Every structure is written in C-alpha cells, then in structure tokens.
Amino acid sequence: MAWHSLRLALVAAGDYAVFAGRAVLEAFRPPWELREILRQTLELGARSTPLVAASGFAIGVVLSLHTRASLERFGAEALVPAGIGLALIRETGPLTAGLLLAGRLGAGIGAELAAMKVTEQVDALEATAVDPFKFLVVTRVVACVVAVPILTTILNFFGILGGWTAERAVTGMPLGLYVERAFSLVDFGLYIPSTLKTAVFGFIIAIVGAHQGLHVTGGTEGVGRAATRSVVLASVALIAANVVLVRLIVFLFPELA
Amino acid sequence: MTGPHAEPVIRFDRVSKSFGGRRVLDDLSLEVHAGRACCILGRSGTGKSVALKHIVGLLKPDSGRVVIEGRDITDLDTRALTPIRLRIGFLFQHAALFDSISVGENVAFPLRRHTRLPDAEIRRRAREKLAQVGLGDDYDTMPAALSGGMRKRAGLARALALDPPILLVDEPSAGLDPVTSAEIDALMLGLKRGAKTTIVVVTHNIPSATALGDELVFLHEGRVLARGTAADLARSPEPMVRAFMQARGHSG
C-alpha cells in the first residue's frame, strides 16, 4: 500500500517535471505569443494588485506592532523601521505574496483551463491549428514569472507604508525618516535575490495550475477539484521550494546570511 | 466528377482506438469523397465523435491509418498537422466558443492567427460569416450571453472562417429547436452545393441526415454496421439500423 502510494507520487512528480521542462523549452521557441503573454500578465497582475496591496499594508501594521513590542524591551525602538524593512523584504513579503498568489492565480488558472478543457475549447484551439500548450500554458507561465516578483514588490511597498502608518500613530515619525531607517539594513544586494526568487514561485503556481487544469477529469465537477488541488499543491510546493531557494541564495550570496 | 478511383478526401484505414480498455473504434474503415456529405449515425457512445476527432488529429489511432487529402496524418505532430488543420473547419458539439473573447472575435480568431489581413478586413469577414448564420448584430456579444442555438451557429461561423474545403460537424441539432436545426442543415447543404465543401456530420437526427447525407454510415460498437443512402439503411437486414431509421421524429 505504502509502496503503491510512493510509486504514484513519483509518477506524478515525473509528470510535473516533464510538463515544466516542456514549458521552459517551448518558451524559447517561436511563435512567441507576445500579445497573449502581455494580455495575461496585465490581467493576472492587475487583478491581483488590490489583494497584495491590502494584504501588504495589514502585514506592515502587524509587523510594526510585534517588532515594537519586542524591541521596546531592549530600549531599541529606533530599530523598528529597520526590523520591518528587513523582515518584509527578506522573507515575509516574498512568502506571503507567493502564498496569496498561489490562492489567487493558482485557483484562477486551474479553474479556467479545466473549464476550457471540459467544454472542448482546448480541442477547438488545437483544431484551429493553435498549439494549446503554447497558447494556454506557456503564456500563463511567462506571465506569472513576470508578474509575481512585481506583485511582491507592490506588497513590500504597501507593507512598508503600513508599518509607517502604525509607527506614526505611536511616535509621530515623519515618512522620510521612517523610510531612511527602514532601508538602513536593506540594499539591492538583499532585495534582488529575495524578490527574484518569487519568479520561481510564479513558475510553480502557473505550472501546477495549468497541469491540474489540463488534466481535469470528471466534467464540471472536476473543475472545482482542479482549482482546489492547484491551490493546495502550489502552496505546498512553494513552501518546499522556498527552503531550497533560501539555502541557494545564502550559498550564492554568503554576505546575506 | 469523383469516380470511385479518385483519392478520397478522408480515408480511415482499419482504425482502432481504445480508452481505458474499452474499444471505441474497432477496425473502422471509411471513405468520404470530395464534395460529398457523409453522415455518421449511431447510438450514443458508439465512437462517432471519436472518429471525427481523428480526422483533425486531435486523437491518434492505436492502430490503422488516417489519410486526409492523400496525406497520411497518423504520425504527424502538432506542427506538421497545421496545414491540414487549416483546411478543416470543426463545429464542436457544444460549439466550444472561447468564452474570454466576444462572439465576433471568436470568428475572427482563425483569421487573426493564420492570415496577415488588416484588422478591418478581418472584422469585415467575421461579420460576414456571422451574418451568414443570422448573427450579424452579435459581433460584440460575449458567448455566455448567447442561447444554445446561437452558440452553435456562432461555432459554425468560426468553423467556416477560413473557408475550409472540409467541414466536420458534431451533432448540429443536439439541443436545438427544429427550426434552428433546419436552418443549420440548409446552411450546410448550401455549402455542399455552392462551395463543394466535403462534410462529415455526426448526428442522431434522421431527417437531417436524409436531407444532407450522400452516404449514411451507421456505427455500432466502433464498427460500421450499415452504410448507404437513407433508403438503403431503412431496408437494412440489421434490425437495430431499421429501428433507428424508423425513429424519425427523434432528434438530439
């Protein structure tokens, strides 16, 4: 029984690896589908912006409350903005954005492609001599790889803003000083790898959603299942990938450890 | 014009296909000649749609060959299939309109993908096709806002966008009222007579098959149980075929 499950899991993993590999290869082969990529990026990006902005703001406020409570004990309140900036940009921002978008984009891609598959729209594309894999999968993968780091940056921005709002309510600190302190421990050397790793999150989200969507079974009922599975699988895969990515970043940029 | 020696436009040579151990097509051989209409009849789940999908390479046979316009497409990949697919229009059972774009853009889609025509010309042609199926005012309507019959007609307009010499239609009258259904039949008949389009229709509708089909093929369990004109089938020695042909009012 256990062996059987293990075998199934390995087969599924292999299946995903092939699917992901194909997406990467096809992304570098013409036709490029640039219009569709742009449309997807704008649509996926724009629709998710309010979500990450509002979440980012709330996280900023909460981070400020927690850091203040902790730092006050050591009389280090002046470090609150720096703590928020560091926490947000290094890990809280990327991971939260990743998980939020695994929900938002993963479910969206999974459900949309599953619905298209069930209603023969995928067949219709192919019968029209349009490669569904390029047109539906590769475009969404590229869109997510581009959009997720940008959305992470938006989340970080609103997080810093939320942190400042909370900070100002307590100490009346002006924005200029806050921003200066918030970025005192953060530079591009930290910002770039931490944010770029979310491109991998975007890749995972799109691959999982597309795979679940195109492999839907069982008609309309399967559409909901594909959406749910996309979110769960993408979230778990993303958290697991994060461990590897953080290790990799620390290995490549030891000064960030 | 097309004698028995001319190469058929569509040829199935002993095609078999199974899904999960169930044989859907069993050693099926079939020929459709240029400018002719072939109606595939049979009870639900006898592999009619599956046969249709083999013609555009959406499904591949487990064994046997599929030859379209003299070209064996059995082993062709997506890229190699493109020129053949461009010569085939496919109306899916539930129309399969892309629901993220308007009805007009659905019809324009094949033109945008496969021609270099300017935008205005593409729109003009798409409108023209829509007008042909009685949807001239619905360019900007979204598919979700259409009724089943209108979707079907829009799907037909899209299938005809590139003026294909071959038209495949999966159950044109399923879920349609008799009037709309007759309109679609009249349109296909017009295409056969006017543009000499080769047509394959999967249908349950005997009157429409009788009106349109030069040859009727009755599939049962993936095999041809009877073939010929409507009159031939009505005299078939197979009781099931006769029973099917007698249920004339039956549509959908």
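Confidence first, since this is a predicted model. Chain A has an average pLDDT of 93, and 99% of its residues score at least 70. Within chain A, the lowest confidence falls in helix α1, residues 2–27, with a mean of 91, and the highest in helix α4, residues 121–127, at 96.

Staying with chain A, please look at two helices: α5, residues 132–171, and α7, residues 188–214. Two packed helices are described by the angle between their axes and the distance between the axes. In this pair the axes come within 7 Å and cross at roughly 145°. The crossing of α5(A) past α7(A) is right-handed. On the α5(A) side, the contact includes A:Leu136, A:Val137, A:Val141, A:Cys144 and A:Val148. On the α7(A) side, the contributors include A:Leu196, A:Phe201, A:Phe203, A:Ile205 and A:Ile207. What is the make-up of this contact by class? It has 16 nonpolar residues, five polar and one charged.

Now to where the two chains touch. Chain A puts eleven residues into the contact and chain B puts in 15 residues. The chain A side of it is made up of four nonpolar, three polar and four charged residues.

One of the pairings is B:Arg11 with B:Glu31 in β2(B). Two residues lie between the strands of this hairpin, and B:Gly20 has a positive phi there, near 50°.

Next, the sheet. Chain B has an open sheet of six strands, in the order β6-β7-β8-β3-β9-β10, and the pairing is mixed. Strands β6 (88–91) and β10 (223–228) are at the edges, each pairing on one side only. On average, neighbouring strands are turned by 15° against each other, ignoring direction. Strands of a sheet pair through backbone hydrogen bonds, either parallel or antiparallel. For β3(B), residues 37–41, and β8(B), residues 198–202, the arrangement is parallel, with four bridges between them.

Is α1(B) largely enclosed or open? Eight of its eight residues are buried, so α1(B) is largely enclosed by the rest of the structure. The buried residues include B:Lys48, B:Lys53 and B:His54, along with B:Val50, B:Leu52 and B:Ile55. After α1(B) comes B:Gly57, with a positive phi near 75°.

Last stop is B:Ala209, in helix α7 of chain B, residues 206–212. Why does B:Ala209 count as buried? Because B:Ala209 has 26 C-beta neighbours inside 10 Å, where the cut-off is 20 or more. Beyond the neighbours within four places in sequence, B:Ala209 is in contact with B:Cys39, B:Leu41, B:Thr203, B:Leu216 and B:Ala230. For a sense of scale, B:Ala209 and B:Leu111 are 98 residues apart along the chain, and their C-alpha atoms are separated by 30 Å.

That is what I have. Questions are welcome.

Technical notes:
Residues numbered from 1 in each chain as written. Chains lettered and ligands numbered in written order. Predicted model: local features only at pLDDT ≥ 70, side-chain atom pairs only at ≥ 80, totals over all residues. Buried ≥ 20, exposed ≤ 12 C-beta atoms within 10 Å, placed from the backbone. Contact = placed C-beta atoms within 7 Å. Nonpolar A, V, L, I, M, F, W, Y, C, P; charged D, E, K, R; others polar. Axes fitted to C-alpha atoms, helices over the stretch in contact; angles between N-to-C directions. Left-handed = near helix turned anticlockwise from the far one by under 90°. pLDDT = per-residue confidence, 0-100. Pairing = 2+ DSSP bridges.
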